[in-house]
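Please examine the structure below with attention to backbone geometry and helix packing. The report that follows takes up these two topics in turn.

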Amino acid sequence: TLTEAELDKLRAEIGKIVFEPDGMVTLVTGTLDYGQGHSTPFSQILAAQLGVPFEKIRLKQNDSDIVHTGGGTGGSRSITATGLAIVEASELVVAKGKQAAAHLMEAAESDIVFADGVFTIAGTDRSIGIMELSRRLLDGKMPDGLPTSLSVDHSSREVPSTYPNGCHVAEVEID
C-alpha cells in the first residue's frame, strides 16, 4: 500500500532542465517514450518557453538515478503532465535568469524582461540571450546569493487527468 506522499509523487511530473557546459540543454522527464516520439513535442515546448534552440535540446528519461518523480506514460497523460512540468520549470529558469541578468547588466531585477530567449533591460537595447547567460553563469563568476546556473529540478503539482477518447458520437440519417 502506498502512502499519500508516495501517491502525490506519482500524480506529479518532473520537469528538470539542465544547462550543460557543452551548450546543450538536457530535459529530464518521468514519462517514457517507447515509440510515441515524446522528444519532439517536449523539445518544442521548451524551445517555445525559453527560446532555447531546438537542436540544442536532448531528452533524458528512464534513469531512476535522476528521475525522482513521475507517473510514467499511459492514458494520454504524457504531453499534459510533462508539458505542464516543462512550463512550470521554464518559469523558474526565467526567474533565475532575471536575477543573473540584472547583476551582469547592472540593472534592477524588476527592469529585466524576458521574451524569445532574451533578457533585456526594459526600454533599452541592452540584452543577453539565454544561452550566453547560461554560459557566463557556468564560468563561475557570480557573487554569493546569485544563481550559478539556470538549471532547475522541478516537480509539478498533481496533473489533472484527461480522457480524450471518453465518448464517441455518430449521427446517422437514413432516407
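At 74% relative accessibility, Asp116 counts as exposed, where exposed means over 50% relative accessible area with a 1.4 Å probe and protein chains only. This is a predicted model, in which local features need pLDDT of at least 70, side-chain atom pairs count only at pLDDT 80 or more, and totals for chains, interfaces and linings use all residues. Residues are numbered from 1 along each chain as its sequence is written, and side-chain values use heavy atoms, with hydrogens and water left out.

Most residues other than glycine have a negative phi. Asp116, which is not a glycine, has a positive phi, and Glu106 likewise has a positive phi without being a glycine.

| Residue | Phi | Loop | Relative accessible area |
|---|---|---|---|
| Glu106 | about 55° | between α3 and β4 (112-115) | 74% |

Helices (H or I, at least four residues) and strands (E, at least two) are DSSP runs, numbered from the N terminus. The axes of helix α2 (residues 39-50) and helix α3 (residues 78-104), being lines fitted to C-alpha atoms over the stretch in contact, come within 10 Å and cross at roughly 25°, on a scale from 0 to 180 degrees between N-to-C directions. That makes α2 roughly parallel to α3, a term for angles under 35 degrees.

The contact (heavy atoms within 4.5 Å) involves residues of α2 including Pro41, Phe42 and Ile45, and residues of α3 including Ile79, Ile86 and Val93.

Definitions and conventions
Parallel < 35°, antiparallel > 145°, perpendicular 65-115°, else oblique. Buried < 20%, exposed > 50% of the residue type's maximum accessible area, 1.4 Å probe, protein only.
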